[in-house]
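Keep the picture open beside the text as you read.

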Amino acid sequence: MASRYHDVYQGWHSDPMGFWKNAASEIDWISTTDKVFDPDQGQFGRWFPDWECNTCYNCLDRHVERGRPGQPALIYDSPITGAQATYTYAELLEEVEALAAVLQDNGLEKGDRAIIYMPMIPQAVMAMLACARLGVIHSVVFGGFAANELATRINDATPKTIIAASCGIEPGRVISYKPLIDDAIGLSTHKPDSVFVYQREAEIASLVEGRDHDLGKLMEDAVAAGRRVPPVPVKATDPLYILYTSGTTGQPKGVVRDNGGHMVALKWSMSNLYDIQPGEVFWAASDVGWVVGHSYIAYAPLLHGCTTIVFEGKPVGTPDAGTFWRVISEHSVASLFTAPTAFRAIRKEDPNGELIKKYDLSTYRSLFLAGERADPETVNWAIDQLQVPVIDHWWQTETGWCIVGNPLGLGALPVKPGSPTVPMPGYDVQILDDAGHPLGPNTLGNIVVKLPLPPGAFPTLWNADKRFHDAYLAEFPGYYKTADAGVIDDDGYLSIMARTDDIINVAGHRLSTGGMEEVLATHQDVAECAVIGIADKLKGQLPCGFVVLKAGVDRDHADIEKELIKLVREKIGPVAAFKIAITVDRLPKTRSGKILRGTMRQIADGEEYKMPATIDDPAILDEITDALKSHGISA
Ligand code: COA
Ligand code: AMP
């Protein structure tokens, strides 16, 4: 069947307002106006200004009212604890209303902020939906971040409350969340009024009198009392959530997502991009702490009347590399969305796919990959083993949904290995040189999106309009700077080649090398440092830190390197995967003093490199090569 993509994209291009108005008819609105887009509001215009809605209503109530009360809405599958649970739409609504009642009883109102710090348990999604029901703006913080990172987010979002669990569970260890939360509140200048703790069997946290509450107990009481909480009307342009993501410094960026445009874009994507019908099971094997988890574990599947899966486990080791296939077969998953790193991990453990053959995957139709570059080797392995379309698609926390992909629902386009295919309607993707001039096909340059960004993409950063403008809009006026570099070929296919800033991508997690450098620089013995991302077969990239010690430091370098590794783990968290610190005498620099991070990365990755013309002292590159070799990194 010929793909309808080109017609649909052209239709959007010639009438963007009509396109999005039509897509918006899939959402239940409380009130609408004739205006789909107001170019004069906000940083580049706002979608659906003055339209009123409630995201939780659209995710739950309307399916309960219109034919899906008994359909599973959420399946919890936790190979790490052995637990499983299924909530129908009616049951999930009851739990969400109970949680909303608890928040309301404690003074949470529309516009207040709540931080959610939870592992992959159903209560995390319930907390997001309960906030959405009340118009409370949630900010989910990934469990692998340390107290310091949590404190930064508490200070920026100034939440009235924190909704947490007593612990997370990683293979072989229980992560106590409560001490991290207490430390973070101790460190932060803003103090939340309350902390709600969902007590898990693996660890019962001690609660601070007067401030902390037992969330599970309060929810049980609210369910027993039959508490109902009507959805609160919010403007389409009101924030649904803030999600912090790495910037080029240690201060993360608070990406704001609104209510209306978000629902419209996600709903459109479920049928047209992912080719999923209401009633089917959609599984995003990510974490609710990341944007993929927000969009495709919590919101999109429920908006579309699907069943979503909350999976608490890893692709390997819980208990083996067959876990994904068990989940797909046991819960009749139609489509799986994950990061390529998960497939690299599975392939390493089960190269011949022996574990795949053990399961009935007859309901399974497609694999979507995102979050990092999908290397053709991994993609080809997945196609061979699973015999389903494997779709690479490119997006960012900022956009909230796919920028460039292969729309299965419109009819798949031919795949070109290494390319995530073509722009989705809403995105006019172009390549510019550093001076902002358009570049022709097949020429590497800055990937930008012509403004306005489509519904679903962020309208600004939380409390930081200027930072939003400076970081994303200032360099290429009239365009959104993606900070990715790439090329578009003669057929309009985009390839993503690299980031143009200091962001690295470790196991599909976006991390700031600048943030790590800020931490290393606080060590008493460090004079200067540089962190680069080096290639890793499993995680895509790994951070590698080079430090120059202060004059006169005569301690054992190996001890200092261990302390630096511990410091990054304590300040940023285990998710930084910072395990390589190397002391060197000098860092290679240009004559104007700019550290040659790019050349260092090329050396570490064993790539050919050109001696930078402006290098101050070429001999330092040999020193870097030797230092890498002495740490077992082949150069
Ligand atoms: N809470 C606390 N710690 C966490 C955590 C969480 N929610 N998630 C990860 N960590 C810890 C890990 O235990 C690990 O700690 P360690 O250094 O003591 O081993 C560290 O953070 C690094 O985690 P990660 O990089 O994820 O590696 P891993 O060894 O746990 O797993 C993979 C490796 C490839 C299996 C895993 O990264 C994976 O499945 N990734 C999928 C990527 C993904 O979901 N991306 C989201 C975008 S789609
Ligand atoms: P995040 O905001 O965490 O989703 O990270 C976004 C960044 O991850 C992008 O700017 C890219 O650098 C990278 N990325 C995401 N998806 C892809 C993809 N399909 N191919 C290549 N890089 C990707």
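How far does a polar side-chain atom of His509 lie from an oxygen atom of ligand 1? In this model, which is predicted rather than determined by experiment, the distance between the polar side-chain atom of His509 and that oxygen atom is 3.3 Å. Taken by itself, ligand 1 exposes 930 Å², and the protein buries 84% of that area.

The surroundings of ligand 1 can be built up step by step. There are 22 residues around ligand 1, and those that come nearest are Glu170, Lys314, Lys539, Arg569 and Lys579. Two of these names return when we look at individual atoms: an N or O atom in the side chain of Glu170 is 2.5 Å from an oxygen atom of ligand 1, while for the side chain of Arg569 the corresponding distance to an oxygen atom of the ligand is 2.8 Å. Sorted by class, the shell around ligand 1 is made up of ten nonpolar, six polar and six charged residues. Domain 1, which covers 5–313 + 393–486, and domain 2, which covers 507–630, both contribute residues to this shell, and therefore ligand 1 lies between them.

We can now turn to ligand 2, which is surrounded by 14 residues, the closest being His393, Thr397, Asp484, Arg499 and Arg510. Of these, Arg499 places a polar side-chain atom 2.7 Å from an oxygen atom of ligand 2, and the side chain of Asn505 has an N or O atom 3.3 Å from an oxygen atom of this ligand. Glu372 takes part through its backbone, where a polar atom is 3.4 Å from a nitrogen atom of ligand 2. On its own, ligand 2 has 490 Å² of accessible area, of which the protein covers 92%. The shell here divides into three nonpolar, five polar and six charged residues.

How much confidence does the predictor attach to the protein chain? The mean pLDDT of the chain is 97, and 100% of its residues reach 70 or more. Confidence is highest in helix H5 (residues 122–134), at a mean of 99, and lowest in strand S28 (residues 509–512), at a mean of 93.

Conventions. Residues are numbered from 1 along each chain as its sequence is written. Chains are lettered from A and ligands numbered from 1 in the order in which they are written. This is a predicted model: local features need pLDDT of at least 70, side-chain atom pairs count only at pLDDT 80 or more; totals for chains, interfaces and linings use all residues. Side-chain values use heavy atoms; hydrogens and water are left out. A residue is near a molecule or strand if one of its heavy atoms lies within 4 Å of it. A polar contact is a pair of N or O atoms within 3.5 Å; within protein, one must be able to donate a hydrogen and the other to accept it, and residues adjacent in sequence count only if both atoms are side-chain atoms. Accessible areas come from the Shrake-Rupley method with a 1.4 Å probe; for residues, only the protein chains shown count as cover. Ala, Val, Leu, Ile, Met, Phe, Trp, Tyr, Cys and Pro count as nonpolar, Asp, Glu, Lys and Arg as charged, and the others, Gly among them, as polar. Domain bounds come from an automatic or database domain assignment. pLDDT is the predictor's confidence in each residue, from 0 to 100. Helices (H or I, at least four residues) and strands (E, at least two) are DSSP runs, numbered from the N terminus.
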